[in-house]
Amino acid sequence: MRITWLQWMRSPARLGFVFYLTCVLPIGVALMTFNSASHELGLAEATFVALGLNLVLGAGIICREREDGVIATVLSRPIRRSTYVLAKWLALALASWAGTLLFIALQCLIFYFSYWHPIDLLLILKATAECAFLAFGLAATMVALSSWAPSYGDLVLYGVAWVFLMMISSFVEVLETIPIAPNSLMTLFRPAAASLHHLSEALFAILMPMVNLPIAHGLWLHTLIMYMSNLFGALLFAIWWLNRKEITYGG
Amino acid sequence: MVAELRERWLGASADDRTNASPRWLVLITVALIAARSIIFQYEQMHLTQPVQRIRWYTHEAASRAIFKNRKPALLFFSHGNTCQECKNMESDLQETAVAEEINRDYVPLKVIDPSPDGLPAPKDVENLKQNYNAWRIPRMVVVPPEMWDVPAEWLDSYQLPDVSPGGMFTPNSDSDRIPLIVKSSADWHPDPLKVGNVDWIAPEKALQRASDAKPALLFFARSLDRHCDVVRSEIFGDDEIAAVIKKQFLPAFVVSHQRQNRPDSDETKRMLARFNIRMFPCLIVTSPSNPDQVLTGFAGNKETLQFLEQAHN
C-alpha cells in the first residue's frame, strides 16, 4: 500500500524517471541545443519536462488510492472530498513546477558557466511562467481523469485522448486541403471541418493547457478565460465525480 | 426540488457534508464557461477586423516598389475573413511594432485565396501559391528582390524564409514567433535598404546580348546554400559593385537545386554543363571572343570588385 510521498518515490522506475527528467535531461539538452554562435538558451524543452513530470507524478494520483483503500482511510476523518482533490491538484502542480524550475535553473547554470554570457532574465521569467501555466493546468486534467478512471486508467485515458485528437486533426487537415469544386456536394463538408477544428482545439487545450507569453494584443482575455475555464472545469469535474462515488476499502 | 437537484448534481444539500462541492468553485466555473461561450459566439458573429497598420501593396505596385527600392517582398497568403486562423495571424502582424518594421523594411503584399468558399482563385493568386509553395494557408513568405518575378522553375523549392502556423490546434501559438521570424528574415538579408541595384535578366538573353564591350556576368548559386545567400546579400548588396555591374555587365542569375535532390530545369542543366560548374557560388564573366573569367566562393567585396574590373578589361 502506498501511503506517503517518500514511499511512493521509492519505486526505482519512478525515481529514475524523475531523476532523468530533472537532472540528466537538462545536461543533455544543454549539450544538444547550446550554440556557441547564437548563445541560445534551451528553455523551450522546459515545457516537455513539465509535461513529463506531471504524467509521471500524476499517474494514478487518486484512482490508485481509491483502489488500494488509502482514500477510505483519509476520508474516515472529517475531511471534505473537495479539499482532498484540491490538495492533490496543488501538490501535483507544485511538484511538477518545482521539478521544472530545477531543470531551468540547471540549464541556466550550465549555460552561464559554459559561456560566461549574461542570461536574459525575461526569457527565464517567460519560461518559468509558461511552465507554471502548464503544470497547474495539466495537474487539473490529470486529477480529473484520475478521479474517474480505475487504476492507472488516467494515463491510458490521456494517451487515448491524444490518439483521438490526432485522428480528428488529420481528418480536418484532409478536409481543409483537398480542392473542392464550387457547388459540389463536397462543399457540405466545410462546416463539418470547421466544427471538428474547434473540437480539436478544445481537446488540445485540455490535454496541453499552455499559455504562450506574451499573449498577443486583443487575445489575452480570450486565452486566459479559456485556460481558467478548463482548469476550474477539470477540478469541478474531479470533485463532482468523487462526491458521487461510494468510497470503501478495497475500491 | 432545488434541494433535490442540488443533492443529485452537486452531491450536497448542506455545507457541512464532506461530499459538498465548494460553491465558490461552482460559481467561478459557471461564470468562466459562460464568459467563454459569450466570447466564442461574439467572435463567430462579429469576425473582428484587425486594425490595418500595414500598408498592403497591389501586385503591380509591389513589383514596382521591390525593383525600385530593392526591398524584399513580404507575401501574406490568407483565405480572407472566412478563415479565423488567417485573421489571427494577420492580427499578430498588425501589432504596432511588427507593422512598423514591415512597412519600413519590406514590400507587403496580401494574397487572398477565396478557394475555401468554393470560388476559383484568380490566375495570379494560383501562380503565387505555386511559386512560393503556399499550399497551407495562412502562410507568410519573404522574397528577396533578386528572386522576385523570376521564372517559376527558378524559384521551385528555393528556400525562402516563411512562417505558417505550425500548431494546427493552436493558431495563436506562433504569435510570439512572428516578429522573431520577420527579424531573422531581415538579418538574413542584412539591410534591405542598402541592397544595390542589380537588375537580373534571363540567362539566355544575357548570353545572346553579350558583347566584348558588355560581357555577360553569370551568377551560379545553389538553393539551401548559406554561402550563396551571403554572396547574394553581401556582394550584390554593395552599391559600388552593383553600379559597376549595371554599367559594364549583363547580369544573370542561375539557381541549382542539387542539394535538395530535385532535378534542375533543362535550361539550368545546360548552363551548368556548358560552364562546367562544380562549385557554388560561382561568378563567370563571358563574352563572344574572350576566354571565360571565373571566381568561385565568397571572395569578399574588394576582391570581387577587382575581379569584375579585370574581367571587363
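Modeller: A word on conventions before you ask: residues are numbered from 1 along each chain as its sequence is written, while chains are lettered from A and ligands numbered from 1 in the order in which they are written. As this is a predicted model, local features need pLDDT of at least 70 and side-chain atom pairs count only at pLDDT 80 or more, whereas totals for chains, interfaces and linings use all residues.

Biologist: Happy with that. How many helices and strands are there in chain A?

Modeller: Chain A has 10 helices and zero strands, and its pattern along the sequence reads α-α-α-α-α-α-α-α-α-α. Helices (H or I, at least four residues) and strands (E, at least two) are DSSP runs, numbered from the N terminus.

Biologist: What makes the length of α6(A) agree with its 35 residues?

Modeller: The expected span of a helix is 1.5 Å times one less than its number of residues. For the 35 residues of α6(A) that should come to 51 Å, and the end C-alpha atoms are 51 Å apart, so the two agree. Just after α6(A), A:W116 takes a positive phi of about 50°.

Biologist: Which residues is A:M210 in contact with, leaving aside its neighbours within four places in sequence?

Modeller: Those are A:T47, A:E130, A:F133 and A:L134, where a contact means C-beta atoms, placed from the backbone, within 7 Å. The C-alpha atoms of A:M210 and A:L138 are separated by 8.7 Å, though these residues are 72 apart along the chain.

Biologist: What makes a set of residues a nonpolar core?

Modeller: The members must be buried Ala, Val, Leu, Ile, Met, Phe, Trp, Tyr or Cys residues joined through C-beta atoms within 7 Å. The largest such core has 52 residues, and A:A50, A:A135, A:A139, A:A140, A:V143 and A:L235 touch the most other members. At least two residues each come from α3 (46–58), α6 (81–115), α7 (121–148), α8 (153–177), α9 and α10 of chain A, with α7(A) giving the most, 13 residues. Another core, of 31 residues, lies apart from it and includes B:A206, B:L250, B:L283 and B:A311.

Biologist: Which residues does A:A50 contact beyond four places in sequence?

Modeller: A:A50 is in contact with A:S96, A:W97, A:T100, A:C131, A:L134 and A:A135.

Biologist: Over to chain B. Which strands form the open sheet, and in what order?

Modeller: Four strands of chain B line up as β6-β5-β7-β8, with mixed pairing. Strands pair if DSSP finds at least two bridges between them. Strand β5 (residues 216–222) and β6(B) have seven bridges and run parallel; among the bridge partners in β6(B) are B:F253 for B:F219 and B:S256 for B:R222.

Biologist: Where is confidence lowest and highest in chain B?

Modeller: Chain B averages 73, and 69% of the residues score at least 70. Helix α8 (residues 178–188) of chain B is lowest, at a mean of 42, and strand β7 (residues 282–286) of chain B is highest, at 91. Over residues 164–196 of chain B the pLDDT is below 50, and that stretch has 70 contacts in the model beyond near neighbours in sequence.

How values were computed:
Two residues are in contact if their C-beta atoms, placed from the backbone, lie within 7 Å. pLDDT is the predictor's confidence in each residue, from 0 to 100. A residue is buried if 20 or more other C-beta atoms lie within 10 Å of its own, exposed if 12 or fewer, and partly exposed in between; C-beta atoms are placed from the backbone.
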